[in-house]
Amino acid sequence: QVQLVESGGGLVQPGGSLRLSCAASGSIFSFNALGWYRQVPGKQRDLVAGITSLGRTNYADSVKGRFTISRDGAKNTVYLQMNSLKPEDTAVYYCTGGRYISDQYYGDYWGQGTQVTVSS
């Protein structure tokens with residue numbers, strides 16, 4: 001089994017920053033890439049960012065230049081640094097373990113999610 005545990009969500013004002021963390025444990029050999037999705041109630045989950053085992057990254061257009069995904073292989077942890085946050089970034093953020101197919105990231109294993117609220 002794979003366990004993915006997120007932390008770092010919360011309430012932040014527009015323009016502020018948050019850093020999400022996700023610790024992976026269990027059968028981590030089941031995946032070779034990591035990523036973050038987000039979901040607003042009533043809408044589908046959208047990919048925010050992905051990162052390969054070699055550190056290559058990709059981002060949704062809406063977060064490029066503001067969010068940065070990174071990973072610490074020794075700690076089996078992935079991070080999402082979120083800067084210049086906007087109210088439309090408000091969502092539940094999910095950490096995932098997955099794979100890349102044709103340069104597109106797909107999450108196969110999911111954490112429980114952490115709420116990020118951007119509001120004044």
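This note covers the salt bridges, the nonpolar core and the strand pairing of a predicted model.

1. Basis. The model is predicted, so local features need pLDDT of at least 70 and side-chain atom pairs count only at pLDDT 80 or more, while totals for chains, interfaces and linings use all residues. Residues are numbered from 1 along each chain as its sequence is written, and side-chain values use heavy atoms, with hydrogens and water left out.

2. Salt bridges. The whole structure holds four. The criterion is a side-chain nitrogen of Lys or Arg within 4 Å of a carboxyl oxygen of Asp or Glu. In one of them, Arg 38 meets Asp 89, N to O 2.9 Å. This pair links distant parts of the chain, 51 residues apart: Arg 38 sits in strand E4 (residues 33-39), Asp 89 in the loop between strand E8 (77-82) and strand E9 (91-101). Strands (E, at least two residues) are DSSP runs, numbered from the N terminus. Both Arg 38 and Asp 89 are buried. Buried means under 20% relative accessible area, exposed over 50%, partly exposed in between (1.4 Å probe, protein chains only).

3. Two further pairs. Asp 61 and Lys 64 form a salt bridge, with the closest N and O atoms 3.1 Å apart. Asp 61 counts as exposed because its relative accessibility is 66%. Lys 64, at 48%, is partly exposed. Arg 99 and Asp 108 meet at 2.7 Å, N to O. Arg 99 has a relative accessible area of 37%, so it is partly exposed. Asp 108 is partly exposed too, at 33%. Elsewhere, salt bridges with shared partners join Arg 38, Arg 66 and Asp 89 into one network.

4. Core. The largest nonpolar core has 26 residues. Such a core is a set of buried Ala, Val, Leu, Ile, Met, Phe, Trp, Tyr and Cys residues joined through side-chain atoms within 4.5 Å. Those touching the most other members include Trp 36, Phe 67 and Tyr 93. Among the strands that each supply at least two residues are E4, E8, E9 and strand E11 (114-118). Strand E3 gives the most, with four residues.

5. Pairing around E9. Strands pair if DSSP finds at least two bridges between them. Val 92 of E9 stands opposite Gln 39, and its bridge partner in E11 is Gln 115.

6. Which strand does E9 join through six bridges? That is strand E10 (residues 104-110), again antiparallel. Tyr 100 stands opposite Tyr 105 in E10. Two residues lie between the strands of this hairpin, and Ser 102 takes a positive phi near 50°.
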